[in-house]
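Thanks for making time this morning. Please have the structure open while I talk.

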Amino acid sequence: MTPAIKVVETIAEMKRVRHELVGTVGFVPTMGYLHEGHLSLAKQAKKENPSVVVSIFVNPTQFGPREDLASYPRDMERDLALLEKEKADIVFAPSATGMYSTRFDSWVEVGEVSHRLEGASRPTHFRGVTTVCAKLFNIVEPTRAYFGQKDAQQALVIRKMVSDLNMNLEIVTLPTVREPDGLAMSSRNVYLKPEERKAATVLYQSLTLAQQMWSRGEKNAGRIRQEMISLIKKQPLAEIDYVSVADAETLEELVEVRPPALVSLAVKIGKPRLIDNVVLE
């Protein structure tokens with residue numbers, strides 16, 4: 001059965017369709033292989049706007065040379081069925097050649113905040129994210145764009161770009177959606193083997209430990225980091241990339257916790273690299 005949702009594959013058509021929409025437009029940028037986290041963004045967008053556009057585009061410029069671009073999970077038919085249930089109006093699914101011509105050579109870069117944490121581990125990642133988001137915002141012209149707190153640094157970087165470049169839209173960040181055992185929902189969770197899936201719960205356990213220490217009055221950020229690292233190291237399948245207790249706006253590492261503080265981590269469980277965070281308020 002042909003889905004009722006409108007699928008747009010070219011920039012020219014997306015611009016034409018956009019100008020037919022009346023009222024505010026909510027926009028959810030995704031790389032597809034949707035889960036409940038993405039769908040919570042589409043739900044909220046539908047509550048707040050008469051029209052909702054969701055992009056599905058596995059953006060090549062945000063993947064490093066040894067990352068999982070080729071194997072990134074894709075299932076357009078499934079994604080369209082899920083978005084139809086959420087009453088999204090338009091799916092913008094451009095091709096890589098449509099978004100990046102062979103002579104493409106213009107980039108949008110955000111400074112310091114994009115060089116820490118994920119930016120330190122994946123040096124070209126945020127340049128790809130900000131560039132594609134700037135392009136998508138120009139094409140879709142949304143009133144509001146919706147992002148998940150799981151990618152807290154991404155939301156912060158996008159918010160800064162929008163503010164610094166006076167882009168005419170609002171960035172809305174919604175809470176992380178989790179599995180019953182606390183694991184943050186992610187398209188990459190599909191890579192986890194059964195024993196790795198069990199091991200992956202250590203990420204949320206360590207974040208919960210940080211919250212407990214903070215609520216008991218612990219203000220020493222180094223002590224919180226160390227306790228988190230000790231807990232993660234008890235899990236033999238876990239390989240830590242970073243554990244951070246940082247200022248929630250600048251992402252500078254803290255000596256003493258001052259709320260709001262972002263506690264975040266990146267941990268490899270087998271091959272998959274998973275990220276998660278909580279905010280201490």
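This is a predicted model: local features need pLDDT of at least 70, side-chain atom pairs count only at pLDDT 80 or more; totals for chains, interfaces and linings use all residues.

**A walk through the model**

β8 and β9 pair in the antiparallel sense, over eight bridges. They belong to an open sheet of three strands, in the order β7-β8-β9, and its pairing is antiparallel. Which strands stand at the edges here? β7 and β9, with β9 covering residues 273-280. Each has a single partner strand, so one side of each is left without a neighbour in the sheet. The twist in this sheet averages 15° from one strand to the next.

Next, the other sheet. Six strands form an open sheet, and the order is β1-β4-β3-β2-β5-β6. The pairing here is parallel. At the edges stand β1, residues 6-8, and β6, residues 170-174. Again, each edge strand has a single partner, so one of its sides is without a neighbour in the sheet. The twist averages 25° from strand to strand.

Strand β3, residues 51-56, pairs with strand β4, residues 90-92. The sense is parallel, and there are three bridges. For a landmark, find V53: it stands opposite I90 in β4.

On to the loops. Start between β7 and β8, where P260 is found. The peptide bond from P259 to P260 is cis, with omega near -5°. Most peptide bonds are trans. That is why I point this one out.

There are also two backbone angles to look at. Most residues other than glycine have a negative phi. K87 has a positive phi of about 60°, although it is not a glycine. K87 is in the loop between α3, residues 76-85, and β4. L117 also has a positive phi, near 50°, and is not glycine either. L117 is in the loop between α4, residues 96-99, and α5, residues 118-121.

Are these two buried or exposed? K87 counts as exposed, at 57% relative accessibility. L117 is buried, with a relative accessible area of 10%.

Now salt bridges. How many are there? The count comes to 20. I'll show a few.

First on my list, D247 and R258. Their side chains meet in a salt bridge, 3.9 Å from N to O. This pair links distant parts of the chain, eleven residues apart. D247 is in strand β7, residues 238-247, while R258 is in the loop between β7 and β8, with β8 covering 261-269. D247 counts as buried, at 18% relative accessibility. The cut-off for buried is under 20%, so D247 falls inside that class. R258 counts as partly exposed, at 47%.

Next, D151 and K150. They form a salt bridge, with the closest N and O atoms 3.8 Å apart. D151 counts as partly exposed, at 26% relative accessibility. K150 counts as buried, at 15%.

Then R116 and E112. Their side chains meet in a salt bridge at 3.4 Å, N to O. R116 is partly exposed, with a relative accessible area of 23%.

There is also a network. Salt bridges link E67, E118, R122, D241 and R273.

Last stop, a pocket. This is the second largest pocket, with a volume of about 200 Å³. Which residues line it? The lining is made of Q149, A152, Q153, A155, L156, R159, T173, A248, E249, P260, L262 and V279. Note P260 in that list.

Which element gives the largest share of the lining? Helix α7, residues 152-164, with five residues. By class, the lining has seven nonpolar, three polar and two charged residues.

To recap. We saw a parallel sheet of six strands and an antiparallel sheet of three. Thanks, and over to you.

Key:
Residues are numbered from 1 along each chain as its sequence is written. Side-chain values use heavy atoms; hydrogens and water are left out. On a 1 Å grid over the protein atoms alone, a cavity is a set of points where a 1.4 Å probe fits but cannot get out, and a pocket is an open set with protein on both sides within 12 Å along at least five of seven lines; lining residues have an atom within 4 Å of a point. Grid points are joined across faces, edges and corners, and a volume is the space filled by probe spheres set on the points. Helices (H or I, at least four residues) and strands (E, at least two) are DSSP runs, numbered from the N terminus. Ala, Val, Leu, Ile, Met, Phe, Trp, Tyr, Cys and Pro count as nonpolar, Asp, Glu, Lys and Arg as charged, and the others, Gly among them, as polar. A salt bridge is a side-chain nitrogen of Lys or Arg within 4 Å of a carboxyl oxygen of Asp or Glu. Buried means under 20% relative accessible area, exposed over 50%, partly exposed in between (1.4 Å probe, protein chains only). Two strands pair if DSSP finds at least two bridges between them. Axes are lines fitted to C-alpha atoms, for helices over the stretch in contact, and angles run from 0 to 180 degrees between N-to-C directions.
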